[in-house]
Amino acid sequence: PFSDINLDSHSINGTILYYYVEQDYLTAASIILHEAIHVIQDFYFSLDNTALAEGFASFISLKFYYYYLGGSYADKDISELLKVSALQGILAGDGIPEELLKLSLPDFNRTNVLEGDRNAGLRYEIMESFITYLVEKYGIKSVIDWQRNTTVSNFKNNFNKNIPADFDECQKKWLFNIGYR
């Protein structure tokens, strides 16, 4: 029986099986969508920035989650839901977008390879909140375009090319919006 399976792996297949059997279909579907977004980001957009990739994929899967539940959650509603977690993460020292967008995958997830451990804290929620804010203010097309060929070293330049605003100013306004003063 599935309940006897120990799924310690971080593999996509193991995660999907675990959530479908042990949790629920909606959670499994959200995870599948999240991971499928990464495939598109990698192959279609040549995105090489973990924080941007995770923030956007998490945003899309959260929109799907609430849509499936029958809620009419607008981007503004999702933004409101994420404010508290994002603020908690920043206050706990998980970082602000400018810092997180510079990190490699292991650094973003605070992965300890020797101990097989990871502790991303609230970094996913911080980036998801920032992405949601950007989508709400500038539209999803601008945020999608920002992903094209973005890396840890050019994220600010690509942002400024694709979103009709300055990165530093947007981050400052977002920080104020979530209550970070």
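What does Ser-142 count as, buried or exposed, and at what relative accessibility?

Mentor: Happy to. One word on the ground rules: this is a predicted model, in which local features need pLDDT of at least 70 and side-chain atom pairs count only at pLDDT 80 or more, while totals for chains, interfaces and linings use all residues. Residues are numbered from 1 along each chain as its sequence is written, and side-chain values use heavy atoms, with hydrogens and water left out.

Ser-142 counts as buried, at 13% relative accessibility (buried is under 20% relative accessible area, exposed over 50%, partly exposed in between, with a 1.4 Å probe and protein chains only). Its place is in helix H8 (helices are DSSP runs of H or I with at least four residues, numbered from the N terminus). Leaving aside neighbours within four places in sequence, Ser-142 is in contact with Asn-162, Ile-163 and Pro-164 (contact means heavy atoms within 4.5 Å).

Lys-141 counts as exposed, at 58% relative accessibility. Its side chain forms a salt bridge with Asp-145, and the closest N and O atoms are 2.8 Å apart (a salt bridge puts a side-chain nitrogen of Lys or Arg within 4 Å of a carboxyl oxygen of Asp or Glu). Both partners lie in H8, four residues apart, about one turn of the helix. An α-helix has 3.6 residues a turn, so residues three or four places apart point the same way.

The search of the whole structure finds six salt bridges. In one of them, the side chains of Lys-63 and Asp-75 meet at 2.7 Å, N to O. That pair links distant parts of the chain, with Lys-63 in helix H3 and Asp-75 in helix H4, twelve residues apart. Lys-63 is partly exposed at 30% relative accessible area, whereas Asp-75 is buried at 19%. Another joins Asp-168 to Lys-156 at 2.8 Å, N to O. Here too distant parts are linked: Asp-168 is in helix H10 and Lys-156 in helix H9, twelve residues apart. Asp-168 is partly exposed, with a relative accessible area of 34%, and Lys-156 is partly exposed at 23%. Glu-98 joins these two residues in a network of salt bridges.

The largest share, eight residues, comes from H7. Of the 36 residues in this core, Leu-101, Ile-131, Leu-134, Trp-146 and Trp-174 touch the most other members. Setting aside neighbours within four places in sequence, Ile-131 is in contact with Leu-52, Gly-55, Phe-56, Phe-59, Val-143 and Trp-146.

Tyr-44 is exposed, with 58% relative accessible area, while Phe-45 counts as buried at 9%. Phe-108 and Tyr-124 also form an edge-to-face pair, at 5.4 Å and 70 degrees. Phe-108 lies in helix H6 (residues 105–108) and Tyr-124 in H7 (residues 123–138), so this pair ties together parts that are 16 residues apart in sequence. Both Phe-108 and Tyr-124 are buried.

Finally, H10 also holds Lys-173, which is partly exposed at 44% relative accessible area. Lys-173 and Tyr-133 are 40 residues apart in sequence but 9.5 Å apart in space, C-alpha to C-alpha.

Technical notes:
Phe/Tyr/Trp six-rings, centres within 6.5 Å; stacked < 30°, edge-to-face > 60°. Helix = DSSP H or I, 4+ residues; strand = E, 2+ residues; numbered from the N terminus. Core = buried A, V, L, I, M, F, W, Y, C linked by side-chain atoms within 4.5 Å.
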